[in-house]
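Colleague: Before I use this model, I would like to ask how some of its labels were reached. Please put the structure up and we can go through them.

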Amino acid sequence: MTVLEKKPASQVAHLSAEDIEVLGKELDLLRQEVLDSRGAGDAAYIRRVIAVQRRLELGSRVVLLASVFPPAWVLGTLGLSAAKILDNMEIGHNVLHGQWDWMRDPKIHSTTWDWDHPSPPEQWQKAHNQTHHTYTNIIGQDNDLGYGIMRVDEDQPWQPRYLVQPLWNFVNACIFEYGIAMYDLDLGDALREKKGFSPEMKRNIRATLAKVRKQVTKDYVVHPALSLVTGSFLTTLAANATANVVRNVWSHSIIMCGHFPEGVETFEQPALDPGETKSHWYLRQMLGSANISGSKFMHLMSGNLSHQIEHHLFPDLPSNRYYEMSPRVRALFERYGLTYNARPLPQQVASAWHRVLRLSLPNGWLAQTNRRNVVPQLRRLARMVRSGEPAVAPAAMPAGVPAYAA
């Protein structure tokens, strides 16, 4: 029995072991179809996106040399924000996944690519490609789930410190690139364990600091300095800072929508279940991901992580193929009686933030609170904070049964 089959009240309860294996074979066939059909059109796509991104960044930085003039500041900042989003999302994330390694182009390869990000590629690939995509939505093992700083499941005992998690989540959104760099280092775990840094950790910290210096020098020293001649030093500095915040908030929002809206399931298991087959892994990706519906432009600017379900099923396939695969994946969900979690961006963002807020409070507190009883509810919450005692998991959960689903 795998972790999925042990889930109480799960949407997979009606699936037999044979159903799950057949589902996995169908997904394998879909994946192989795309692998066999990759070609010149796909290669042209990624080269075109890279060319557009580079021209957009260069053009925006040139415009910002005259950023003392408000129209130039607005135009340059918007362009630089878009260029940074493209670099991180559709290009960097996907190239470092190895989606374009089949081209055998040394300039567009997961082993040689660098990106406009504080996290060194090798560290990001280890934390993201290996850890996140292996342990998807497993509490305590997948840092992308709550970014290691938030309560992400009702069955995690509530503690008063979780009250500030909406604030932490907002701060994390604004500095998201640096948050990712810290997650990739496992810096939080190292500090909590108070065992000091290993030689490998020290090397990784030095590599990250070197990358941070490179980014800071480019955005906050060199580019503003070039604007001195037009009197635009401070405005260029502000434009670069604004573009980085825009990129961070956008990336954070897209990733939250893929992993954290209501209806996305989480799992608890101390390690990968030895009974988890490739088909069970597929099913865990299907239950633990959500999509964003929208235009092709939105899909491009999200790095096609708006197709988070397809990306989690097929992380090494070219991102431009997710759009055409999504109807067939949705059809599989419907045929096997599973929920294909896909909504427009505003709805998914609101859902993810609602979950952040809901889980920052004791179980059921938000649902039980209304305008008539808000004062007694706040007093109850204050008593719980003063007591400092963790709240128990939902009483409805059978005793002795692990709680796997959010």
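Modeller: This is a predicted model. Let us begin with Met150, which is found in the loop between α4 and α5 (165–174).

Colleague: What is Met150 in contact with, leaving aside its neighbours within four places in sequence?

Modeller: Tyr162, Gln165, Asn169, Phe260 and Val356.

Colleague: Where is Pro166, and which residues does it contact beyond four places in sequence?

Modeller: Pro166 belongs to helix α5. Its contacts, with neighbours up to four places away set aside, are Trp353, Val356, Leu357 and Ser360. Pro166 and Arg355 are 189 residues apart in sequence, and their C-alpha atoms are 9.7 Å apart in space.

Colleague: What makes you say that the charged end of Arg355 sits over the ring of Phe260?

Modeller: The distance from that charged end to the ring centre is 4.9 Å. The cut-off on distance is 6 Å, and the charge must also be within 35 degrees of the ring normal. The Arg355 and Phe260 pair is counted as sitting over the ring.

Colleague: How do you know that the length of helix α4 (residues 121–134) agrees with its number of residues?

Modeller: With 14 residues and 1.5 Å a residue, helix α4 should span 20 Å; its end C-alpha atoms are 18 Å apart, so the two agree.

Colleague: Which residues of α4 are buried, and what covers them?

Modeller: The buried ones are Pro121, Gln123, Trp124, Gln125, His128, His132 and His133. Their cover includes α3 (70–96), α6 (176–185), α8 (199–226), α9 (233–259), α10 (278–287) and α12.

Colleague: What makes α6 mostly covered?

Modeller: The count: 8 of its 10 residues are buried. They are Phe176, Glu177, Gly179, Ile180, Ala181, Tyr183, Asp184 and Leu185. After α6 comes Asp186, with a positive phi near 55°.

Colleague: Which class do the rings of Trp100 and Trp102 fall into, and how many aromatic pairs are there in the whole structure?

Modeller: The search finds 6 aromatic pairs. The planes of Trp100 and Trp102 stand at 40° and their ring centres are 6.4 Å apart, so the pair is tilted. Trp100 counts as buried because its relative accessibility is 0%.

Colleague: Why does the pair of Trp281 and Tyr282 get its class?

Modeller: The centres of these two rings are 5.7 Å apart and the planes are at 55°, so this pair is tilted. Trp281 is buried, since its relative accessible area is 14%, and Tyr282 is buried because its value is 0%.

Colleague: How many disulfides are there, and what rule decides?

Modeller: The count is 0. A pair of cysteine sulfur atoms would have to lie within 2.5 Å.

Colleague: What about the exposure of Cys174 and Cys257?

Modeller: Cys174 is partly exposed because its relative accessible area is 22%, while the buried label needs a value under 20%. Cys257 is buried, because its relative accessible area is 1%.

Colleague: What are the totals for the protein as a whole?

Modeller: There are 16 helices and 2 strands, and buried residues make up 50% of the 406 residues. The protein exposes about 18800 Å², of which carbon and sulfur atoms supply 63%.

Technical notes: Residues are numbered from 1 along each chain as its sequence is written. This is a predicted model: local features need pLDDT of at least 70, side-chain atom pairs count only at pLDDT 80 or more; totals for chains, interfaces and linings use all residues. Side-chain values use heavy atoms; hydrogens and water are left out. Buried means under 20% relative accessible area, exposed over 50%, partly exposed in between (1.4 Å probe, protein chains only). Accessible areas come from the Shrake-Rupley method with a 1.4 Å probe; for residues, only the protein chains shown count as cover. Rings of Phe, Tyr and Trp (its six-membered ring) pair if their centres lie within 6.5 Å; planes under 30 degrees apart count as stacked, over 60 as edge-to-face and the rest as tilted. The expected span of a helix is 1.5 Å times one less than its number of residues. Contact means heavy atoms within 4.5 Å.
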